[in-house]
Amino acid sequence: MSALRILHLSDTHFSGDGGRHYGVVDTAEHLRRALSHVAHLTFDLVVVSGDVSQDGSEASYRQIRDAVTTWTRARGARAVFAMGNHDQRAAFRAVLGDGQPDADELQLSGIDLDRPVASVVEQDGWRVVVLDSSVPGAGYGRLEPEQLAFLRETLADTVVHGTVVVVHHPPLRAQTDLLQALALDEHDGREFLDIVRDTDVRIVLSGHYHMPITEIVAGVPVTVAPGVTNLSRAFADPAEESAIDGFGGSVVTVDVDRVRVVPYLERLTPDDMVFHYDADVVAQIIQDAGRAELS
């Protein structure tokens, strides 16, 4: 079996009008830098694990599709995208299909544009499953019973080399109070992990937290990519929330008997933060999110 090499990116937050994220970040430049950082390497997959767009516009999806797929196809790789909490299903699907635009997809979503954006593709003995953990109008994550059943049915049969699952909200605890309030529903996360346990899933790729985290859960590596648009300050006061002007990604190699995750991060400004919310602001956001019980 030849190793599978994945460039794992997340949280690109493109806007259709090219506006700066938080009035600070040039998201297109951050993506360019994130790709240039590893341009000397070869990849089989380039995965953007959610929050592809900030404004959910078709224009934003066209911009990132053109940037990412041009880069991947020049290297013989395939692009994969997943829905995040900032994404909009109809516009995402109009431009990126069900998340695997470079392949013929077996679709869960059918013709209803408001249903979750999910798919499974098998290629060269590998299987890539994309799930949709977004909740329209909310920042926290859910996996609807239909998707969990889809995942369980898909994994009932093995493939030659194994399966990669992509889902925006990771089935892991967050590092800060705000991110935990906006995490994947705890029950859904447990059921997801029960489903992938003892299957051919080799790795789960997630985003949302804007910081690199890798944890072995249910015998499966779950890895969170650092944000392309900004980097969360993982070890600041957990009651506050802040991010610095930087970008990152991870190079993931899945081989015969091991999985290797190597994140990279670059800070672009030494002092300025993209944003900083004090504890009172965070508490209000958590209350508004309707998930205060998870904080």
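Predicted model: local features only at pLDDT ≥ 70, side-chain atom pairs only at ≥ 80, totals over all residues.
1. Aromatic pairs, starting with F43 and W71. The count for the model is 4 aromatic pairs. One of them joins F43 and W71 in a tilted arrangement, with 6.1 Å from centre to centre and 40° between the planes. F43 sits in the loop between α1 (27-36) and β2 (45-48), while W71 belongs to helix α2 (residues 58-73), so this pair ties together parts that are 28 residues apart in sequence.

2. R5 is placed over the face of F43, 6.0 Å from the ring centre.

3. The cluster around F275. Which residues do ring pairs link into a cluster? They are Y22, F275 and Y277. Within it, F275 and Y277 make a tilted pair, 4.9 Å centre to centre with 35° between the planes. F275 counts as buried, at 14% relative accessibility, whereas Y277 is partly exposed, with a relative accessible area of 23%.

4. The largest pocket. The largest pocket has a volume of about 410 Å³. It is lined by 23 residues, and those closest to its centre are Y22, H86, L179, L182 and F275. Elements giving two or more residues to the lining are α5 (177-181), β12 (241-244) and β15 (273-277). The top contributor is β12, with 3 residues. By class, the lining of this pocket splits into 9 nonpolar, 11 polar and 3 charged residues.

5. The cavity. There is 1 cavity of 30 Å³ or more, and the largest cavity has a volume of about 40 Å³. What lines it? The lining consists of T176, S232, R233, A236, D237, E240, E241 and S242. Sorted by class, that makes 1 nonpolar, 3 polar and 4 charged residues.

6. L131. This residue is in the loop between β6 (126-130) and α4 (145-155), yet L131 counts as buried, at 1% relative accessibility. Setting aside neighbours within four places in sequence, L131 is in contact with A82, V117, A118, L143, Q147, F150, L151, V165, V166, V167 and F192. Take V166 from that list: 35 residues separate it from L131 in sequence, but the C-alpha to C-alpha distance is 6.2 Å.

7. Helix α3. How many residues of α3 (residues 89-96) are buried? The answer is 6 of its 8, so I'd go along with calling this helix mostly covered, given that buried means under 20% relative accessible area. The buried residues are R89, A91, F92, R93, V95 and L96. What covers them includes α2 and β3 (78-81); α2 is also the helix that holds W71 from point 1. Just after α3, G97 takes a positive phi of about 60°.

Note on methods: Residues numbered from 1 in each chain as written. Heavy atoms only, no water. Phe/Tyr/Trp six-rings, centres within 6.5 Å; stacked < 30°, edge-to-face > 60°. Helix = DSSP H or I, 4+ residues; strand = E, 2+ residues; numbered from the N terminus. Buried < 20%, exposed > 50% of the residue type's maximum accessible area, 1.4 Å probe, protein only. Lys NZ or Arg CZ within 6 Å of the ring centre and 35° of its normal. 1 Å grid on protein atoms, 1.4 Å probe; cavity = no way out; pocket = protein on both sides within 12 Å on 5 of 7 lines; lining within 4 Å. Points joined across faces, edges and corners; volume = space filled by probe spheres on them. Nonpolar A, V, L, I, M, F, W, Y, C, P; charged D, E, K, R; others polar. Contact = heavy atoms within 4.5 Å.
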